[in-house]
There are 2 protein chains.
Amino acid sequence: MTPNRKKPNINTTPVELMPDFQFAISVDCVIFGYEENTLKVLLIKSDLPAFANKWSLLGDLLHPDEDLDAASYRVLRDRTGLDNVFLEQVHTFGQVNRHPAGRVVTTAYYSLVNIRHHQLSQLDNELHWHPVNDIHEMAFDHKKILDTCLKHLQKKVQEEPVIFNLLEQKFSLRDLQNLYEAILDVKLDRRNFRKKLFTTDLLTDIHEMEQDVPHRPGKLYTFNHARYAKMKKKTFVGIDF
Amino acid sequence: MTPNRKKPNINTTPVELMPDFQFAISVDCVIFGYEENTLKVLLIKSDLPAFANKWSLLGDLLHPDEDLDAASYRVLRDRTGLDNVFLEQVHTFGQVNRHPAGRVVTTAYYSLVNIRHHQLSQLDNELHWHPVNDIHEMAFDHKKILDTCLKHLQKKVQEEPVIFNLLEQKFSLRDLQNLYEAILDVKLDRRNFRKKLFTTDLLTDIHEMEQDVPHRPGKLYTFNHARYAKMKKKTFVGIDF
């Protein structure tokens, strides 16, 4: 193969952006929540004939004069009423035929919200929370997007304390372990889990106990966000493969 | 803020893709290479008046009927002549005013190539390899894209054996440690590094020695890709924050 380096290029030569080379861009939000020891995702039913009765993610077209990240916050705000929640870009999906309306490249974001903090008052298109493990088929390429975001979340919760976005501010170690187990789909050893968490020195014992629980009440903790922010983050953690 | 759930939505309602809601999409490739103990990146000079004499990444517009990932492979092939190299999507940058030609949303990919395996025969727009640490200013938002991809690479080399894409097939442990140090911008302890690498059981001693080196010749190894492919990858590695 002979390299062709003489082609005009958008980064090196002034170009006109032709209509044939313009496409719709959308954002799709994988909104994760947690209740009843189960990891859930907020979905809506599609009315598109091609995907009748299938579930889809919450998304919308990118508007002119709107940054891509801003579009994802807009979708989340319009759908949940929440403004100040954890949201992160994961991956962009650009298969030619992924949308029946025409070429639409979509950027996927995931978000972590505390379900109890927002009640879905309206339920048009049957917007509601689904256990992630119950979702086997979706509209468009949304199952692939969901799987990609779930895998990202599974990695992320081990590397950064994002998991606390899904919990109440005060939580027991049992709550926290249940949540890790729900996300990672594994069983963790109780003693090792607690030992590891205390080693981080990031949990604060608030000297309160759980109330109205069907088991022996556990101590309640909060996560020390201020201390975490001050911690020095290492570039080199170690080779692990 | 009242949630607005009644808006038509690209995932739920048939929509027409209006020209005002269509934008150019590009791919930009951060092509990393390694020589003379230095991590390098392949850059080209921009002719755009707004960025005269600044360096830019190699990129191009997404074509109609072309998958997004395919566009990134095309850019890489056109520029380097290489077809079968490591390439991975990292992040999509969608600030409204990031390109002077108009609205262009760009998806960044990074690639790892062995510099010795491809000679740049033509040098239009002064295409060549730059030490990553020497790059302080670039055209467009390309410095931000480079930084994002470098951070991604630093993480990735600790999690998966992608680093071997940058080395000769036969390498010494000194080569490998130098490369880790160049990417991570840290000094590693020689004994711990070697111990860790042997623990993985993924290096094969090929019973050859380095030739023509200005230091005591070291043993040569290859990476056992077949054994790595068969290794069971764990979902849960451990909480590390």
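Tutor: A residue counts as buried if 20 or more other C-beta atoms lie within 10 Å of its own, as exposed if 12 or fewer do, and as partly exposed in between. Please bear in mind that this is a predicted model.

Student: Then is Val85(A) buried, exposed or partly exposed?

Tutor: Val85(A) has 17 other C-beta atoms within 10 Å, so Val85(A) is partly exposed.

Student: Where does Val85(A) lie?

Tutor: Val85(A) is in the loop that runs between helix 1 and strand 5 of chain A.

Student: Which residues does Val85(A) touch?

Tutor: Setting aside residues up to four places away in sequence, Val85(A) touches Leu76(A), Ser111(A) and Val113(A). As for Tyr73(A), 12 residues from Val85(A) along the chain, the two C-alpha atoms are separated by 8.8 Å.

Student: Leu76(A) came up there. Which residues of helix 1 of chain A are buried?

Tutor: They are Leu68(A), Ala71(A), Ser72(A), Tyr73(A), Val75(A), Leu76(A), Arg79(A) and Thr80(A).

Student: And what covers them?

Tutor: The cover includes strand 1, strand 4, strand 5 and strand 6 of chain A, and also strand 5 (86-93) and strand 6 (104-112) of chain B.

Student: What about helix 1 of chain B; what covers its buried residues?

Tutor: There, the cover includes strand 5 and strand 6 of chain A, along with strand 1, strand 4 (58-61), strand 5 and strand 6 of chain B. The buried residues in question are Leu68(B), Ala71(B), Ser72(B), Tyr73(B), Val75(B), Leu76(B), Arg79(B) and Thr80(B).

Student: How far apart are the end C-alpha atoms of helix 1 of chain A?

Tutor: They are 19 Å apart, which agrees with the 18 Å that 13 residues should span at 1.5 Å a residue. Just after this helix, Gly81(A) takes a positive phi of about 80 degrees. Following helix 1 of chain B, Gly81(B) has a positive phi of about 75 degrees.

Student: Let us turn to strand 6 of chain A. How many of its residues are buried?

Tutor: Nine of the nine are buried, so strand 6 of chain A is largely enclosed by the rest of the structure. Both of its faces are covered. One side carries Val104(A), Thr106(A), Ala108(A), Tyr110(A) and Leu112(A), and the other carries Val105(A), Thr107(A), Tyr109(A) and Ser111(A).

Student: Which way does strand 1 of chain A pair with strand 6, parallel or antiparallel?

Tutor: Strand 1 and strand 6 of chain A pair in the parallel sense, over nine bridges. Within that pairing, Ile25(A) stands opposite Val105(A). Strand 5 of chain A runs antiparallel to strand 6 of chain A, and seven bridges join the two. Phe86(A) has Leu112(A) in strand 6 as its bridge partner.

Student: Could you place these elements in the whole chain?

Tutor: Chain A has five helices and nine strands. In sequence order they follow the pattern β-β-β-β-α-β-β-β-α-α-α-β-β-α. Of the 241 residues of chain A, 34% count as buried. The C-alpha trace spans about 65 × 45 × 35 Å along its principal axes.

Student: Now the interface. How many residues of chain A are in contact with chain B?

Tutor: 76 residues of chain A are in contact with 75 residues of chain B. Among the elements of chain A that each supply at least two residues to that side are strand 1 (22-35), helix 1 (68-80) and helix 4 (190-200). By class, the residues on the side of chain A that touches chain B are 30 nonpolar, 27 polar and 19 charged.

Student: Which strand of chain B is joined to strand 1 of chain A?

Tutor: Strand 1 (residues 22-35) of chain B is joined to it by three bridges, and the two strands run antiparallel. Phe23(A) stands opposite Phe23(B) there.

Student: What rotation superposes chain A on chain B?

Tutor: A rotation of 180 degrees, with 0.0 Å of shift along its axis, superposes them with an RMSD of 0.0 Å. That is the relation of a two-fold axis. The same surface serves both copies, as 99% of the contact residues of chain A recur in chain B.

Student: Lastly, how do helix 2 and helix 3 of chain B pack?

Tutor: Helix 2 (residues 142-159) and helix 3 (residues 173-184) of chain B pack at an angle of about 145 degrees, and their axes are 9 Å apart. Leu153(B), Gln154(B) and Val157(B) in helix 2 meet Tyr180(B), Ile183(B) and Leu184(B) in helix 3. This contact has five nonpolar, one polar and no charged residues.

Note on methods
Residues are numbered from 1 along each chain as its sequence is written. Chains are lettered from A and ligands numbered from 1 in the order in which they are written. This is a predicted model: local features need pLDDT of at least 70, side-chain atom pairs count only at pLDDT 80 or more; totals for chains, interfaces and linings use all residues. Two residues are in contact if their C-beta atoms, placed from the backbone, lie within 7 Å. Helices (H or I, at least four residues) and strands (E, at least two) are DSSP runs, numbered from the N terminus. Ala, Val, Leu, Ile, Met, Phe, Trp, Tyr, Cys and Pro count as nonpolar, Asp, Glu, Lys and Arg as charged, and the others, Gly among them, as polar. Two strands pair if DSSP finds at least two bridges between them. Copies are superposed by least squares on the C-alpha atoms of residues with pLDDT of at least 70 in both. The expected span of a helix is 1.5 Å times one less than its number of residues. Axes are lines fitted to C-alpha atoms, for helices over the stretch in contact, and angles run from 0 to 180 degrees between N-to-C directions.
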